[in-house]
Amino acid sequence: MLPRAEWGATKRRIPLKIHEYQAKQVLAEYGVPVPQSGVATTPEQAVKVAEEIGGELWVVKAQIHAGGRGKGGGVKLARSLDEVRQHAEAILGMMLVTHQTGPEGKEVLTVLVESGQNIDRELYFGMVIDRATSKPVVMASKEGGMEIEEVAASNPDAILKEYVDFEFGLTPFQARKLAFGLGLKGKEVGQAVKLFMGAYQAFVNSDASLLEVNPLMVSKEGQVIALDAKMNFDDNALYRQKKIEAMRDLTEEDAREIEASKYDLNFIKLDGNVGCMVNGAGLAMSTMDIIKLAGAEPANFLDVGGGATEERVEVAFKLILEDEAVQAVLINIFGGIVRCDMIARGVIEAAKKVGVEVPVVVRLEGTNAEEGLKLLEESGLGLIPVQGLAAAAERVAGVVKGDN
Amino acid sequence: MTVLVNKESRVVVQGITGSQGTFHATQCMEYGTQIVAGVTPGKGGQSALDGKVPIFDTVKEAVAKTKANVSLIFVPPPFAADAIMEAADAGVDLAVCVTEGIPTFDMMKAFNYVKKTSTRLIGPNCPGIISPGEAKIGIMPGHVHLQGRVGVVSRSGTLTYEAVGQLTSLGIGQSTCIGIGGDPIIGTNFTDVMKLFNEDPNTDGVIMIGEIGGSAEDEAAVWIKENMTKPVVGFIAGQTAPPGKRMGHAGAIIAGGKGTAAEKMKIMSECGIHVVKSPADMGAKMKEVLGL
């Protein structure tokens, strides 16, 4: 509840994702077999990497955080060094559109060049934290290569699950259950068990929150290899995961969200025209909801934290107003222990500094709320004080709809 | 009678000498809560809150010397999970952890540890628990509360105050209000709290405030349908939240199309919970269903 900055801990609030090639590096350190590969930011580098790998078949893969890269044209098979160059040229710099990037897509700055594999079967392997049991759950499925959510929806029995007692970790017998459940035979079983155990160690030791190997490949030669890899991490643990934190790619993150996180603000851009500034995540979500119920659309989620100090309010104002779609702002602060007259002063000072040109509806609740509302009214800054959550939402919706 | 805490609760504050610990322990004491001890390793023998509260090096010692039976934890995130385990080891009945930002795997360890003891954990990343007029053990503003007969349980802080504020302005008091926390791993969930309220003779109805992500509300709804003898008013925050974006709380994320507000509201309604769409209607709905 208390903002982390006040505990003297890290201010970041954005869950950390890393690229496929980085996830494979992390996994490889724990003995998980991955294809021979290298990264490139130019077509020339890509060819050089392919030459070093050798062989006659390569895969050129766009490195962006979003999934669904193959369908979007970001993964290509190359049968010659010329084709490696052509594919790298096509993929590097492209705006790759997948179901996770949004319609504008994401620019590809790096490609991974890998040795091509003789694929016999594509399986799925992953792990997450199961909230219902408060345990890590390791999952595997024969339906590899597909979106696991689709498998979960259409055929939940096709997903094998092993819940891990955190005290003992993933046990070999659990790993074997998964391997046999996947229909692996002979030497494949031992390889898979080793891979699962290594991946679990990587997951725990790096404070991951999600790990997916999709597909987990069985080659025609009987090798079990992680053909793709995705890892997300617990941002609360980054203070002890310097190596992982160094893998952060800021070009993958929204600039405003990064700016917000520096001030311990939690900001998420949305598509509407009512900017919101609220203290507390639950109340911030509810404020978005009630704006929608009043017939308008929220432009963002923004939690200014418990304190709502002048500095935070100022930064929050700037972030909200940078969005040209914003036609009005709703500030909803439940003061609680913090006095509302102090918050009102913070809002007024911040509004003066930033020069707010759109109507700002302010709802303050808690200690000294009336005094706070009076200060806002007398400020001459066009701040509109309102009492009550419903009234505030209706007022701001009225403003953007031109009812006034 | 209230749930979990009352006038008799004797509270030890872990991390009492930190700025947050000092501030909120003072607020709790001013509300009337019995703050009987503080713990800061290395400062044993000193005192806190203007000499009113003795400090001990360990929770065990604090419990032995002061008969504390509840711990309120304000320890920074890297050390908070250990503080929770220490509280459980010392044998307190209830540990309330306010700290936000505890690493998930640390919390998993603490969760497993606490489970093997008789201690109940509330939180982490929560505002705490209050039985209005009796005891405030947390960071919520005491003055918005009113003593009465409605229970409130929620995953968030300020949204709980919003619900409480609505009840109070309608003249409806609260028996106990519990913030269970916004993290993926928490000590006490909705179902646990519902059981307590169901058994409490002084609670007539409950407001349950959930949010997107996970399935704890769904599980509680099914339990309510089968067991609850008292009316429940429900709200889910995040009806407009886009999938894949974490809304502040580590737990508040719609992942893989699961945990949407619409889905939760549907299940809750089907289980007989009086679900309101607008967060402004929580108090009024409770008034209506209780026939007040």
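Modeller: Two strands pair if DSSP finds at least two bridges between them, and strands (E, at least two residues) and helices (H or I, at least four) are DSSP runs numbered from the N terminus. The model is predicted, so local features need pLDDT of at least 70 and side-chain atom pairs count only at pLDDT 80 or more, while totals for chains, interfaces and linings use all residues. Residues are numbered from 1 along each chain as its sequence is written, and chains are lettered from A and ligands numbered from 1 in the order in which they are written.

Six bridges join strand S12 (residues 205-211) of chain B to strand S13 (residues 232-237) of chain B, and the two run parallel. One of the residues involved is B:Val206, whose bridge partner in S13(B) is B:Val232. This pair belongs to an open sheet of seven strands in chain B, in the order S9-S8-S11-S10-S12-S13-S14, with mixed pairing. Strand S9 (135-138) and strand S14 (274-275) of chain B each have a single partner strand, so one side of each is left without a neighbour in the sheet.

Helix H5 (residues 158-169) of chain B packs on the sheet, where H5(B) touches strands S10 (147-154), S11 (174-179), S12 and S13 of chain B. Touching here means contact, with C-beta atoms, placed from the backbone, within 7 Å. The direction of H5(B) makes about 155 degrees with that of S10(B); axes are lines fitted to C-alpha atoms, for helices over the stretch in contact, and angles run from 0 to 180 degrees between N-to-C directions.

Key
Two residues are in contact if their C-beta atoms, placed from the backbone, lie within 7 Å.
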